[in-house]
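Subject: Structure handover

Hello,

Here is the structure I promised to send over. Please open it alongside this note, and my findings follow below.

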Amino acid sequence: MGEFIQIMTTASTKEEAAKIATVLLEQRIAACVQVAGPIESRYWWNGKIEQSAEWLCLIKTIRGKFPAVEAAIRANHSYDVPEIVACPIERGSEMYLEWLRRETAG
């Protein structure tokens, strides 16, 4: 089942997260984008520890769409270095995975 992945990114506002989700869905490079938040993020930036409220996007797609998803996130993101990480979906409901495959076809 190595063809399926979940990509994570965070956004500074709910509106930015919604914009990214809409672009990915309209381009049919994601089957589903869940937006959760606000979440509290703590991270290193420019030599010091920062803290901010962010919105988390969980993006369901297939491995071959990663380059297009990455490009779309970068084009619609306000951060200099947005989080764009992918994790494999090792197992899942066959009905769900078939839906995911079908919605990202093309």
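A salt bridge here is a side-chain nitrogen of Lys or Arg within 4 Å of a carboxyl oxygen of Asp or Glu. With that rule, E3, E98 and R101 are linked in a network of salt bridges.

Before I go on, please note that this is a predicted model, in which local features need pLDDT of at least 70 and side-chain atom pairs count only at pLDDT 80 or more, while totals for chains, interfaces and linings use all residues. Residues are numbered from 1 along each chain as its sequence is written, and side-chain values use heavy atoms, with hydrogens and water left out.

**Salt bridges**

The structure holds 7 salt bridges. In the one between R101 and E3, the closest N and O atoms are 2.7 Å apart. R101 lies in helix α3 (residues 94–103) and E3 in the segment before β1 (4–11), so this pair ties together parts that are 98 residues apart in sequence. Helices (H or I, at least four residues) and strands (E, at least two) are DSSP runs, numbered from the N terminus.

For exposure I use relative accessible area: buried is under 20%, exposed is over 50%, and partly exposed is in between (1.4 Å probe, protein chains only). R101 counts as partly exposed at 28%, and E3 counts as partly exposed at 32%.

Another salt bridge joins the side chains of R42 and E40, at 2.7 Å from N to O. R42 is exposed, with a relative accessible area of 58%. R74 pairs with E70, their closest N and O atoms being 3.2 Å apart. Both residues lie in helix α2, 4 residues apart, which is about one turn of the helix. R74 is partly exposed at 46% relative accessibility, and E70 is partly exposed at 24%.

**Nonpolar cores**

A nonpolar core is a set of buried Ala, Val, Leu, Ile, Met, Phe, Trp, Tyr and Cys residues joined through side-chain atoms within 4.5 Å. The largest one has 18 residues, and I7, L24, V33, I59, V69 and I73 have the most contacts inside it. At least two residues of this core come from each of β1, α1 (14–26), β3 (48–62) and α2. Helix α1 gives the largest share, 5 residues.

What does L24 touch, leaving aside its neighbours within four places in sequence? L24 is in contact (heavy atoms within 4.5 Å) with I29, A30, V33, I59, V69 and A72.

**Surface patch**

Y43, W45 and V81 make a nonpolar surface patch of about 280 Å². Patches are made of residues with over 30% relative accessible area and no salt bridge, where like charges are joined within 9 Å and nonpolar side chains (Val, Leu, Ile, Met, Phe, Trp, Tyr) within 5 Å. The areas come from the Shrake-Rupley method with a 1.4 Å probe, and for residues only the protein chains shown count as cover. V81 sits in the loop between α2 (66–75) and β4 (85–88), and V81 is exposed at 58%.

**Cysteines**

How many disulfides are there? With a disulfide taken as a pair of cysteine sulfur atoms within 2.5 Å, the count comes to 0. The closest cysteine sulfur to that of C32 is in C57, 11 Å away, too far for a bond. C32 counts as buried at 19% relative accessibility. For C87, the closest cysteine sulfur is also in C57, at 15 Å, too far for a bond. C87 counts as partly exposed at 34%.

Best wishes
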